[in-house]
Structure formats: C-alpha cells, structure tokens
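Reader: I would like to learn how to read a structure like this one. Could we go through some features one by one?

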Amino acid sequence: MKTKSFPFEVRRLRIALTLLSAIAGPSITLPNVSAGQPPEQLAEFLELNCTYCHDTSTQEGDLDLESLTLELADPDNFHLWERVFDRIREGEMPPEEDLDPAESKPFLAKLHGILDGADNDRINTEGRVPTRRLTRTQYERNVCDLLAIDVPLREFLPEESLADGFDTVSSSQQVSDHSLAAYLDAADFTLQTAFDQLLGSDASVDASPDTIHLDWNKLRRNEKRTNREPEGRPDHKDIVSWSSSQNFYGRMPATSVPETGRYKVRVKARSVNTPKMGRVWFSVNSGVCSGKASTMYWIGSIEATDETRVYEFDAWIREGHMLQIVPNDYGIRRVAAKAVDSKPGVVEEMGVAGIAIEWIELKRLRGDREEIKVALVGDLELQPIDATNKRSKQRFKIVSAKPKQDLKQRIHAFTSGEAFDDIEGLKAILTKRPEQLAKNLASQFVTYATGASPTFADRDELQRIVAATQPTDYGVRSLIHEVIQSPLFQNK
C-alpha cells in the first residue's frame with residue numbers, strides 16, 4: 001500500500017470543540033424594556049413620600065431617588081427598583097409614618113407590573129439562567145473524558161470566583177482574554193499528552209518500569225547524613241517519620257518518579273507512640289522538597305492507628321518529585337529539627353508520635369492506548385516519524401493510499417466535513433443539524449441519568465425522544481422531560 005503523509009492539524013478542531021463546551025452559549029440580547037424617566041405615577045409617589053430623605057443632596061443610605069432613572073436592562077438599576085418595591089411593601093419606607101394602603105397600593109401594583117414584565121422579557125430572551133461556562137473542575141473532567149486521558153487541567157486555569165459558596169453561578173463566572181489563554185494552554189497540554197501517550201514507546205520495552213516497589217531499606221535515611229529523611233528501624237524492618245516542625249522533614253528521595261504522570265501510591269504503615277485518642281493524622285505530599293522549589297503538592301491524608309494497613313492514593317506527580325509523609329496533627333507534640341536528626345531510637349524514647357512505613361509502591365497509570373487512538377483519530381492507522389525538520393510540527397503520518405480523504409471522512413462524522421475558521425464558524429455548522437445535536441444531547445442525558453451509555457437496543461427510544469421534542473425546537477427542558485418519562489430512565 002502506498003503511504004502518504006501530511007500535517008495533521010486536529011488541534012484546531014479539538015480546541016474549538018473544547019472551548020465550545022467550556023464557554024460558548026447563545027447570543028445575548030438585552031430585554032426590550034422601557035428606559036429613561038419612570039412613569040408619572042411612580043415619580044409623583046416618590047416625590048411625595050421619599051425624596052425628602054433620598055434626593056440628590058441628601059442621599060440618605062446612599063440612595064438617590066430624585067435622579068433615579070428606569071433602565072431595567074441594567075441589573076444594578078433593576079435591583080435598585082426591586083429594593084424600593086420591597087421597602088415600601090414592607091412598610092419600611094418612609095420610616096417615620098404609616099402610609100395609607102390606598103396610597104401605596106396603586107404605586108406597588110404599577111411598579112410590580114413593570115418589574116415583572118422586564119424580568120419576564122429577560123427570561124424569554126436570555127433564559128432564566130444566563131450563559132455559563134464550565135468550571136475548571138468540569139472542564140478537566142469533560143476534556144479528559146473526551147480524549148480518554150487523565151491529566152490535572154485545573155492547574156492551568158484561574159481560581160473560580162464564588163457566589164453564595166458556589167462556583168457554578170453565572171453571575172460570578174468571569175471570561176477574560178487571560179482566562180481564554182489559560183483554556184487554550186490547557187487544551188494544548190491535553191492534546192500534547194494524548195499524542196505522547198498514543199505515539200510513545202510501548203510500556204513493555206520502556207526503560208522506566210511501570211511499578212516501583214521500595215522496601216524500608218531503600219527508603220531509610222543515610223545515618224551518616226540524616227538530611228530530613230525518616231529514621232530506619234532494622235529491628236522492625238520499617239522507617240519512621242516523626243512529628244516534627246522541620247521543613248521538608250519526612251521526604252524520601254528514593255520515591256522520586258522518573259516521568260510526569262498519574263500514579264497509584266500504596267503505603268503500608270501504622271502509627272508509633274499512638275496518643276490516647278487512638279490515631280494520628282499524616283499528610284502525604286509530593287514535591288522537590290527543598291528550598292529551591294518549596295511548593296508542595298497535596299496527595300492525601302492518612303489516619304494511622306496501631307493496626308498496620310495499606311493506604312492507597314491516585315496522584316499526579318511531576319518528574320523528579322518525591323514523596324513526603326509526615327505527621328500533620330497539631331494536637332500532638334512536635335519536636336524540633338535537632339531532635340529528629342538525633343541517633344536512632346532517641347526520638348522514639350521521647351514518646352513522640354510518628355508513622356512507621358514498611359514499604360511504598362508507585363505504579364504509573366497510563367491511559368488505554370486504543371481508547372486514546374479512537375478519541376483522537378478513530379480507526380485511522382498512524383505511524384510515528386522522526387522530526388528531522390525542527391520547523392515542522394508533523395510528528396506522524398497516516399498510513400493510507402488517500403490520507404486526506406480518510407481524514408476528511410473522520411471529521412465528517414462530527415462536522416459534515418465543512419471548513420471553519422473559529423468557534424462561531426463551528427457553531428454555525430453544528431446548528432445546521434439541530435436533530436443530530438439533540439440526539440447527541442439526549443444520549444448524554446441518558447448516560448448521566450442512568451449511569452450507562454445508550455446501547456444499540458436503545459436507539460429507537462432515543463429517536464422517539466428526539467422526535468417528541470421537535471415541536472419545541474429540541475428545547476433542553478423538553479429533552480430532559482422526555483428522558484425522565486422514557487423507559488430508559490423509568491426502568492433503569
């Protein structure tokens with residue numbers, strides 16, 4: 001078979017899809033509400049009853065009702081009028097006199113109608129919940145699921161702003177050029193990692209073993225230079241990390257990993273000199289563990305008791321970083337650096353609590369190469385190539401007599417093969433096929449609601465769900481309603 005090669009620019013498609021999922025939404029048009037001066041009925045009422053305390057010169061409570069306009073498309077203006085409505089309805093304004101209900105009722109009725117109409121206009125235009133983007137946690141999970149890999153994308157993205165303790169509230173979510181750049185960096189990193197795992201060397205011939213097992217003798221400190229490492233106990237065949245205030249104490253250089261990636265960490269340990277409460281808390285961290293790179297990355301916690309147990313963690317660990325396991329219980333005694341550097345046995349005789357570790361195992365967790373291949377290029381056959389030209393971004397070729405045609409057919413499965421330049425172009429292509437979009441969305445709803453992806457036998461029911469929502473232009477609420485009423489959900 002003849003082999004041709006060409007630059008495979010799947011990145012644009014994948015980044016576009018990623019950002020579409022993360023930040024795209026319907027175009028927002030401000031509600032068509034009245035703007036300018038309030039109706040005469042409202043203005044007269046405020047002038048008679050409120051402006052003597054809340055005029056331009058007085059502004060009691062920082063409220064100026066004399067120059068207050070009616071521009072309800074502005075959220076701040078809307079909430080100010082809402083505040084006026086609530087205060088008058090509850091009798092809090094005016095504060096020193098009781099208004100005759102016959103006088104306030106017409107005002108409240110008029111203002112209620114205006115506010116209610118404006119709010120309904122906004123809901124009909126924007127929806128009850130304005131456009132939201134994925135949080136960084138949701139972004140990480142969706143993109144990793146899309147590409148069948150497991151990477152910590154959250155670290156690329158800015159911290160979320162909170163509203164009432166939640167990071168999913170649209171009003172608190174920000175989208176700036178800096179956050180967009182961060183999303184692009186995260187997408188680039190994900191794609192790079194996916195292709196590295198897809199095109200990398202086979203694990204069976206890789207020089208780095210997937211599992212590293214370290215017994216106590218490999219973990220123990222060098223007694224000639226204690227250097228912040230746990231103390232070895234040959235009689236017990238373990239090492240002990242004592243409760244200490246010394247920086248980076250409890251580090252174990254033998255646990256330094258050969259490559260960046262996701263690891264399963266297993267620790268066989270128990271507590272030593274356990275206090276009366278019957279347990280001691282320990283922190284498991286990773287890092288360079290020195291002053292030149294002082295940032296430590298939390299992996300998990302161990303609640304150790306006198307009983308020996310195996311503790312397991314999944315963690316993303318960077319190349320060259322090592323583990324640190326140290327008591328982190330401020331309710332117990334902690335000794336200074338000089339004490340933990342003492343000869344073996346000294347700290348134990350002092351009654352200081354610690355954690356005795358028999359062995360540590362680090363297993364490299366790799367994505368399923370076949371799943372990654374399907375996620376990236378489907379059933380196309382790839383062959384790595386040597387990057388002899390440093391200016392070229394090409395890293396592999398498609399083994400096919402007609403690689404461009406095969407690739408086009410692959411893209412056609414999602415976008416019908418039409419070219420696009422940006423997110424708006426991709427959205428325009430996708431919205432030409434609303435039934436297909438509705439079918440994909442219904443499939444995702446079924447997966448989320450039942451905990452299982454639709455199978456071949458579910459196709460007819462999915463098609464019925466989509467057809468039932470066609471009169472409402474495949475509205476999301478209609479899709480959810482049909483999914484909940486369907487046998488797929490009722491009989492799960």
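This is a predicted model: local features need pLDDT of at least 70, side-chain atom pairs count only at pLDDT 80 or more; totals for chains, interfaces and linings use all residues.

Reader: How many helices and strands does the chain have, and what share of its residues counts as buried?

Author: The secondary structure comes to 16 helices and 14 strands. Of the 492 residues, 39% count as buried. The accessible surface of the chain is about 28,200 Å², and 48% of that belongs to carbon and sulfur atoms.

Reader: What share of the contacts comes from residues 24 or more positions apart?

Author: Among contacts with a separation of 6 or more, such residues account for 72%. Two C-alpha pairs can be looked up as cases. Alanine 43 and phenylalanine 107 are 64 residues apart along the chain, and their C-alpha atoms are separated by 9.6 Å. Alanine 43 is found in helix H2, residues 40-49, and is partly exposed at 32% relative accessible area. Glutamine 436 and valine 466 are 30 residues apart along the chain, with 8.9 Å between their C-alpha atoms. Glutamine 436 is in helix H13 and counts as partly exposed at 33% relative accessibility.

Reader: How many salt bridges are there, and what is the rule behind the count?

Author: A salt bridge here is a side-chain nitrogen of Lys or Arg within 4 Å of a carboxyl oxygen of Asp or Glu. By this rule the count comes to 20. One of them joins glutamate 159 and arginine 136, with the closest N and O atoms 3.3 Å apart. This pair links distant parts of the chain, 23 residues apart: glutamate 159 is in the loop between helix H5 (136-147) and helix H6 (177-199), and arginine 136 is in helix H5.

Reader: Are the two partners, glutamate 159 and arginine 136, buried or exposed?

Author: Glutamate 159 counts as exposed, at 64% relative accessibility. Arginine 136 is buried, with a relative accessible area of 11%.

Reader: Which residue forms a salt bridge with arginine 366?

Author: The partner is aspartate 210, and the closest N and O atoms are 2.9 Å apart. The pair links distant parts of the chain, 156 residues apart: arginine 366 is in the loop between strand E12 (354-365) and helix H10 (369-377), and aspartate 210 is in the loop between H6 and strand E3 (211-215). Arginine 366 is partly exposed at 33% relative accessible area, and aspartate 210 is partly exposed at 26%.

Reader: What does the salt bridge between glutamate 361 and arginine 266 tie together?

Author: The closest N and O atoms of glutamate 361 and arginine 266 are 3.3 Å apart. Glutamate 361 counts as buried at 18% relative accessibility, while arginine 266 is partly exposed at 22%. Salt bridges that share partners join Lys264, Arg266, Glu312, Asp314 and Glu361 into one network.

Reader: What does the side chain of serine 271 make a polar contact with?

Author: The side chain of threonine 274, at 2.5 Å. Leaving out residues up to four places away in sequence, serine 271 touches Val280, Ala304, Thr305, Asp306, Gly354 and Ile355.

Reader: Turning to a helix, which residues of H15 are buried?

Author: Leu479, Glu482 and Val483 are buried in H15. They cover an arc of only 100° around the axis, so they are on the same side of H15. The buried residues of H15 pack against helix H13 (434-450), helix H14 (459-468) and helix H16 (487-490).

Reader: Which residues form the nonpolar patch on the surface?

Author: Leu441, Val476, Ile480 and Ile484 form the patch, with about 280 Å² of accessible area together. Helix H15, residues 476-485, gives the largest share, three residues. Valine 476 has its place in H15 and is partly exposed, with a relative accessible area of 44%.

Technical notes. Residues are numbered from 1 along each chain as its sequence is written. Side-chain values use heavy atoms; hydrogens and water are left out. Patches are made of residues with over 30% relative accessible area and no salt bridge: like charges are joined within 9 Å, nonpolar side chains (Val, Leu, Ile, Met, Phe, Trp, Tyr) within 5 Å. Accessible areas come from the Shrake-Rupley method with a 1.4 Å probe; for residues, only the protein chains shown count as cover. Helices (H or I, at least four residues) and strands (E, at least two) are DSSP runs, numbered from the N terminus. Buried means under 20% relative accessible area, exposed over 50%, partly exposed in between (1.4 Å probe, protein chains only). A polar contact is a pair of N or O atoms within 3.5 Å; within protein, one must be able to donate a hydrogen and the other to accept it, and residues adjacent in sequence count only if both atoms are side-chain atoms. Contact means heavy atoms within 4.5 Å. The arc is that of the directions from the helix axis to the C-beta atoms.
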